[in-house]
Amino acid sequence: MSRQKVLELKELSHIYVNASGAHLAVDHIDLTVYKGEFISLVGPSGCGKTTILNMIAGLIAPTYGELTMLGEAITSPSSRLGYMQQQDYLYPWRTILQNVMLGLEIRKEANAQSKQKIISLLDELGLEQSADKYPHQLSGGMRQRVALARTLITDPDLLLLDEPFSALDLHIKMQLEELVQSTLDRLGKTAILVTHDLAEAVAISDRVVVLGRNPGHIRKIVTIPRELRAAGPIEARKHPSYQACFDEIWYELDEEMERGGKGCRIT
Ligand code: ADP
Ligand code: MG
């Protein structure tokens, strides 16, 4: 059975233009993402990770290249896509239920059944009894789960996650990785995660896209061995295949840091 293509990026490029001039941020990105895949983007700060996600989300337009989701060009934000942005704040004056409801209200999908749907999703994400609380009453890890619930409630085909775990303690972060991977697996969702944590990328992904900078480009795409993927993020870190995979990505990034980007490559 051939795999369904959820997302196709062809020669995707973006130039920011502002008062100080034009800046090529992302240069010719080619990537096909298949249904059910978990892809991580890793690379140095400023290599264009958020720019790529913003283009996929339909928030900014590619300057050059093609971008299609389920065979259709992405030209504006779509309800088939859920985006958990780097700073995905919850509204302090809204309860947890109301914060998650917002995901539906924006899409005019809130109705009589919504409340029950949200409560069962909160339960699944380990947030039972949190529905009527306010964000300040929850821990950082719980608030991130609420933000995830808000992203999942609209049942998107594709999830974009920009460093959702970066501010959390290691222990909470690993629990959340486990929860995200198992939830997405069970729901058959496709996801693209931006992370600066290589250990996380190796432990949670099917493929890791290593990006270089100046301008942002793909250096290498590393396929994570099946046994690591099957193990789940916490167990994967203890697996015999884990270190070799981590080292391969580490080496790529180390080379990238030494070269200081594509523009500085000595040919
Ligand atoms: P990353 O998420 O990998 O840290 P970004 O996508 O945020 O990288 O940024 C990529 C490059 O584009 C950086 O050089 C950054 O300074 C530049 N950039 C990002 N946003 C803008 C903007 N709105 N205007 C001009 N340049 C920008
Ligand atoms: Mg970013």
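Let's start at the ligand. Helix α1 gives the most to the shell around ligand 1, with three residues. Keep in mind that this is a predicted model.

Which elements supply at least two residues each to that shell? They are β1, residues 5-18, β2, residues 21-34, and α1, residues 49-56. Now the names. Around ligand 1 you find Y16, N18, H23 and A25. You also find S45, G46, C47, G48, K49, T50 and T51. By type, the shell has three nonpolar residues, seven polar ones and one charged one.

Next, some distances. Look at T51. One of its polar side-chain atoms is 2.5 Å from an oxygen atom of ligand 1. K49 uses its backbone instead: a polar backbone atom there is 2.9 Å from an oxygen atom of the ligand. Y16 brings its side chain. An N or O atom in that side chain lies 3.5 Å from a nitrogen atom of ligand 1. How much of the ligand does the protein cover? On its own, ligand 1 has 560 Å² of accessible area, and the protein covers 61% of that.

β1 and β2 are joined by 10 bridges. Within that pair, L12 has I29 in β2 as its bridge partner. On to β4, residues 64-69. β1 pairs with β4 over five bridges, again antiparallel. There, L7 stands opposite M69. Then comes the step from β4 to β5, with two bridges. The hairpin of β4 and β5 has two residues between the strands. In that hairpin L70 has a positive phi, near 45 degrees.

Most residues other than glycine have a negative phi, and most peptide bonds are trans. So where else do we find exceptions here? Go to β9, residues 207-212, and β10, residues 217-223. These strands run antiparallel, and six bridges join them. V208 stands opposite V222 in β10. Four residues sit between the strands of this hairpin, and N214 takes a positive phi near 55 degrees. P215 is in the loop between β9 and β10.

Two more for your list. D155 is not a glycine, yet its phi is positive, about 55 degrees. You find D155 in the loop between α4, residues 140-152, and β7, residues 158-162. E163 also has a positive phi, near 45 degrees. Its loop runs between β7 and α5, residues 170-187.

Last, zoom out. How is the protein divided? Domain 1 takes residues 5-80 and 157-266, and domain 2 takes 89-155. Over C-alpha atoms, their centres are 26 Å apart. Where the two meet, 17 residues of domain 1 and 12 residues of domain 2 take part in the contact.

Technical notes. Residues numbered from 1 in each chain as written. Chains lettered and ligands numbered in written order. Predicted model: local features only at pLDDT ≥ 70, side-chain atom pairs only at ≥ 80, totals over all residues. Heavy atoms only, no water. Near = heavy atom within 4 Å. Polar contact = N/O pair within 3.5 Å; in protein donor to acceptor, adjacent residues only side chain to side chain. Areas by Shrake-Rupley, 256 points an atom, 1.4 Å probe, with all protein chains shown as cover. Nonpolar A, V, L, I, M, F, W, Y, C, P; charged D, E, K, R; others polar. Pairing = 2+ DSSP bridges. Domains from an automatic or database assignment. Contact = heavy atoms within 4.5 Å.
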